[in-house]
Amino acid sequence: MSRGKGDGDQKKRLVTWIVVLGIICGCVYLYSRNSGTSALEYGSKSLRKLGSSYLGGDDDGDEASSKSGEEVQGDVILKSIPVCDDRHSELIPCLDRNLIYQTRLKLDLSLMEHYERHCPVPERRFNCLIPPPPGYKVPIKWPKSRDEVWKVNIPHTHLASEKSDQNWMVVKGNKISFPGGGTHFHYGADKYIASIANMLNFSNNILNNEGRLRTVLDVGCGVASFGGYLLSSDIISMSLAPNDVHQNQIQFALERGIPAYLGVLGTKRLPYPSRSFEFAHCSRCRIDWLQRDGILLLELDRLLRPGGYFAYSSPEAYAQDEEDLRIWREMSALVERMCWKIAAKRNQTVIWVKPLTNDCYKEREPGTQPPLCKSDDDPDAVWGVPMKACITPYSDQQHKAKGTGLAPWPARLTTPPPRLADFGYSAEMFEKDTEVWQHRVENYWNLLSPKIQPDTLRNLMDMKANLGSFAAALKSKDVWVMNVVPEDGPNTLKIIYDRGLMGSVHSWCESYSTYPRTYDLLHAWTVFSDIAKKDCSAVDLLIEMDRILRPTGFIIIRDNPSVVEFVKKHMSALHWEAVATGDAEENEQGEDEVVFIVQKKMWLTSKSFSVTE
C-alpha cells in the first residue's frame, strides 16, 4: 500500500511539474509574441531617424540607434530589418482595415470613406519586410499571365465560386485562369469591346478609333479583363477598384500584368489630372451616380477629355421595373444638365459623349444645377483634395480648339502636346527630354542585359516621372509603366496622359496604393534626394520599395553618390544585391548623378516558398 501511495505522489508531482513548465513556456511564448508584435506593428523610430540623419535630417542617428539596441560603426548599419508576421503578407499600410479599427476613425461608410487612404502615423508603421505567402512562385510571364496566374501567389479563390456564372476566374489545379468574362460580359471582354466600337461606328469594330482613343478609366473593374483585352488594340486602361468585399481583384489584375490601381469614388478626387481619359467605363460597378448632387459623375466629367465617352452597362439602362426606371429618368436628366448627349444606346448599354466646347454650358438657364466650378478652382489639384459637385469648364485654348489637339497614337507619344504651355515648356525642351531619356534607358538595359530576358519585366514604375520620357523610351518593350508624379511639384502628370501614358500623383512620404509584390522594376530618379528635403524617412521609403517590388525584381536608382552609399549600407538588411553601377553623369545643376541597380533576392521565411523552373 505504501509503495502504491508513493507512486501516486510521484505521478502527481510529475503532473504538477509538467503543468508548471507548460505555463512557463506559454508565458515565454506570449512575451516573445507581444514583443515582436510591438516592434513590428508600431515601427522602429530608430530606423526612421537613422535614415533621416544619414540623408541630411536633423535627428541624431546615434541616439536613435541606442534606443533600439542597434549598433552603428562608421555609419554601417549592422542590425537587419525584421520580417513581418506571415499574416501581413498582403499589407497595404494606407488601406489597412485593421488600422481603421484600432484607431477608431469615425468614417462615413455610405460615402466609402473606409475605402479611401488613411495612413498610419510614423509610430504605428510596420517597419518590417513583407514576406511572400507560403509556396510563392515567380509570376507567370506576359502575355501568358493575362489568362492565368499561380494560385499560391494569390491564395484567394472565393471570387471563382462567387462569380462562377460570370466567367471572372476559374481554379484549375495549381493555377487560376481568367476566361475573359465579367458581370456584364459573360461571353468575353473581347466581344463586348467590339460591340461598343460597333455602337460608336468605329472602323473595323476596333475601339481605338484609328489611334484617337488611347486612355481609358475602368471604374469597378473586377479582375480587369476589360482592361486586359483592350491592350491588344493599343488602348491602355487604368483599372480602378477599392479594397472591398472583392478585396483581391486589383491584386489579380496586377499579377496578370494589367495596369491597375486601388482607389474608390468616395469623397476625395482620384489622383489623376483633369481631361486625362478619352473613355470611361462602368459595367455593373454598383455605384450610386445620383448621390450628393451627382458628385461622382461630375468627378468622371472632370477626368474626361473634350468629346470623351462614358459607357454605362447597368440594369438602369434597360430594365423596366419602377425603381430602375426612376433611376434612369433622374440620371438622364442629370447628364443632360451636364451637357452630355447619348452617342449610342443598345440593349443593356448606353454611351454618353461629353461636349467639345463650353457652348452648351453658356446656354444653360441661370441657376441650373450642377453649377460650373469657380474660376479659382484648380481641376488638376488632386492630392487629398475633396471632390466638388460642379462642372469643370474648358480653358479658352481648349474651347477654341474644339477638342484636345492631340495627335493619334502612336505619334502622340513623341508629339509635343498643347498643355506643355501650362508649364512654360517649349517643344524643343520636350524633344530634348525625350532624347535624353532614350539614351539613359538604353544604358539601363545594357546594364541589365546579363540579368534579364525579353519577358522578364512587365509591371514597371517610374517613381518620379517628370514628362514621362522614361516610359516613352520603352515603347518597343512589352511593358507598361505606372508614372508617378510627386504631389508637391509641377503636376506634369497631365503631360504624361497627353502622351498616351498613365500614372498617378503620390507622396513618397506615404505608402503607395498597391498590393505587395506588384512591380518588376522601380525607377527612382532623385527620389531619395527629394525626400531628404522633407521630414520623411529614407528607410521607410526603402522598406516601401521592397514591399511593392516582386522577388527577383529590380530597382534602378539614379541619384547623387551619397544616396547610393546610403542604399548600399542597407542592402544586406533588405536582402538586396548589387547588379551594376553606371558611370557618374553631370545633371543640369552641375551635380553628379550615379546609376545603381539592385535586385531583390528570393528570401525564405519560416514557411519556405518555391521558385518556378
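Modeller: Some ground rules come before the questions. This is a predicted model, where local features need pLDDT of at least 70, side-chain atom pairs count only at pLDDT 80 or more, and totals for chains, interfaces and linings use all residues. Residues are numbered from 1 along each chain as its sequence is written, and side-chain values use heavy atoms, with hydrogens and water left out.

Colleague: What makes Cys-94 and Cys-119 a disulfide?

Modeller: A disulfide is a pair of cysteine sulfur atoms within 2.5 Å. The sulfur atoms of Cys-94 and Cys-119 are 2.0 Å apart. That meets the rule, and by this rule the count comes to six disulfides.

Colleague: Why is the disulfide of Cys-94 and Cys-119 called right-handed?

Modeller: Look at the torsion about the S-S bond. It is about 110° for Cys-94 and Cys-119, so the disulfide is right-handed.

Colleague: What does the pair of Cys-94 and Cys-119 tie together?

Modeller: Helices (H or I, at least four residues) and strands (E, at least two) are DSSP runs, numbered from the N terminus. Cys-94 sits in the loop between strand S2 (76–77) and helix H4 (97–103). Cys-119 sits in the loop between H4 and strand S3 (148–150). The pair therefore ties together parts that are 25 residues apart in sequence.

Colleague: Which way do the disulfides connect along the chain?

Modeller: Count the bonded cysteines along the chain. The pattern is 1-4, 2-3, 5-6, 7-8, 9-10, 11-12.

Colleague: Now the sheet. What is the order of its seven strands?

Modeller: Two strands pair if DSSP finds at least two bridges between them. The order is S8-S7-S6-S9-S10-S12-S11, in an open sheet with mixed pairing.

Colleague: Why do S8 and S11 stand at the edges?

Modeller: Strand S8 (260–262) and strand S11 (341–346) each have a single partner strand, so one side of each is left without a neighbour in the sheet.

Colleague: How do you know that S6 and S9 are joined?

Modeller: Four bridges join strand S6 (residues 215–219) to strand S9 (residues 277–283). The rule asks for at least two, so S6 and S9 pair. The two strands run parallel. Leu-217 stands opposite Ala-280 in S9.

Colleague: What makes helix H6 packed on the sheet?

Modeller: Contact means heavy atoms within 4.5 Å. Helix H6 (residues 189–199) touches S9, strand S10 (304–313), S11 and strand S12 (349–353). Axes are lines fitted to C-alpha atoms, for helices over the stretch in contact, and angles run from 0 to 180 degrees between N-to-C directions. The direction of H6 makes about 130° with that of S11.
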